[in-house]
Amino acid sequence: MGMHIVIAGAGDMGYHLAEQLSYDNKDITLVDTEREVLDYVSSKLDVLTVLGDATSIEVLQRANVTNASMVLAVTTSEKTNIVSAVLAKQLGAKRVMARVRNHSYLIPENLTYFQNLGIDNLISPTMLCSKEIFNMIQNSSFTEVFDFEGGKLNIVGVTLDQTNPLVNQRIMDMKLNPIFDDIRIIAILRDQKTIIPRGSTIIRNNDHVFFISNKKHTGSILDLIGQEKRDIKNIMIIGGDDMALTTALKLEDHFRVTLVNKDKERCKWLAENLPNTLIINGDYKNIELLIEEGLEQMDAFLALTESSETNIITSLTAKNHGVYKTIAHVDTREYIHISHSIGVDSLINKKLVAANEVSRYLRKGTVEAVSGIYGVDAEFIQYSVCKNNRLTKYALKDLHFPDTAIVAGVIRGEEVYIPDGDFQLQMNDKAIVLALPQAKNSLEKLFH
């Protein structure tokens, strides 16, 4: 077997990680204190389970952390995570990661205390989400934005409707437009299926299309799809837990932020901790109230309550009241798949954001970064070319790349390329590959 990975905590996040990792045939053991939870997981995934408390040395030994390449402590208790990560490292685990809630732990100078204890990475799903929301607000014309190498290459997603000039065109005919020298369509999400486009692929109404471009040409995508760049000034947030707080903190120095929360005491606390945010105490399910508080003047609406349903419905309502950009936090799988088709602009999901972060650390040595996409089975994997072999001897079209993968972009030093079939990789290139799960094994062989 390859890597042995131990996950402490079989809740939402642990389950999601186990599922992601079991695609790659890794050998996974899940530890949890609740038998029903473990039974459910083993009925669905091919993993070993250990019943018990992850802070117990005996339990960790039963999970064989001694031979683990990675231990992920992701229970809902921060203290359990820190203790079990420290113990796992002492027992011989190569790399340990703990999920935390306390944001002050993530300040660089405080991080070193944890590294001295042997914890390699701390991960806070809420912090990661608020970073991603900030990114979405800054690039509000698109529903998703990924950047590689500090933004040298951008990948953006957007839904195209019948008014769009690209709809009903074949990809190969679009190539005639010189704009396509610097940007390219690399994936299409249609009826919940991911299509990696070929020359003969035709763009259809309602396709959700992903473009790649270098930094300079992200603007050309807006021209191409006929959207102008909107500046966002006023933002309304509903919710009041950790996620709403972290997000408001990140946004309040750059935008005018209004936050609506139902709980009076929590509002007082939020007002003390968010000096530049207008805090409104009221029921955010009451649309009249939101309109009174200026919903129709908002450029963006962020639904970050604990209920996925509330978030989706209020986002759709905000959209109907003319709000330009809506982002909903959605926890449930089922909704992630349907949300594009029902018209929510952008989604954020804590588990997925955290799983992307973890998988960055898990790939083999040649891999630099991985990003998953909401509702799409494919992920972007950034490989570095570290030796001269077949990869550097042939043009891309002669490498027998799997059909389920595409080289989306190549970074060579300061230069950025959007490669075509005649492109040839060189030593030290970084290749960004979009791959469906079934392509991963052949890609690891190609790049290894």
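Visitor: Which strands does helix α8 lie across, and at what angle does it run to β11?

Guide: Helix α8 (residues 218-225) lies across β8, β9 (183-190) and β11 (208-214), and its direction is at about 140° to β11. Contact here means heavy atoms within 4.5 Å. Axes are lines fitted to C-alpha atoms, for helices over the stretch in contact, and angles between N-to-C directions run from 0 to 180 degrees. Helices (H or I, at least four residues) and strands (E, at least two) are DSSP runs, numbered from the N terminus.

Visitor: What kind of model is this, and how are residues numbered?

Guide: It is a predicted model, where local features need pLDDT of at least 70 and side-chain atom pairs count only at pLDDT 80 or more, while totals for chains, interfaces and linings use all residues. Residues are numbered from 1 along each chain as its sequence is written, and side-chain values use heavy atoms, leaving out hydrogens and water.

Visitor: What makes β7 and β10 edge strands?

Guide: Their open sheet has five strands in the order β7-β8-β11-β9-β10, with antiparallel pairing. β7 (144-148) and β10 (193-195) each have a single partner strand, so one side of each lacks a neighbour in the sheet. Two strands pair if DSSP finds at least two bridges between them; five bridges join β7 to β8 (residues 153-159). In one of these strands, β8, L153 is the bridge partner of F148.

Visitor: In what order do the strands of the six-stranded sheet come?

Guide: The order is β3-β2-β1-β4-β5-β6, an open sheet with parallel pairing. Here β3 (48-51) and β6 (121-123) stand at the edges. Helix α4 (residues 78-90) packs on this sheet, touching β4 (70-73) and β5 (95-99), and makes about 175° with the direction of β5.

Visitor: Why are α6 and α9 called oblique to each other?

Guide: Helix α6 (residues 125-138) and helix α9 (residues 242-251) pack at about 45°, with axes 9 Å apart. Angles under 35 degrees count as roughly parallel, over 145 as roughly antiparallel, 65 to 115 as roughly perpendicular and the rest as oblique. The pair is therefore oblique.
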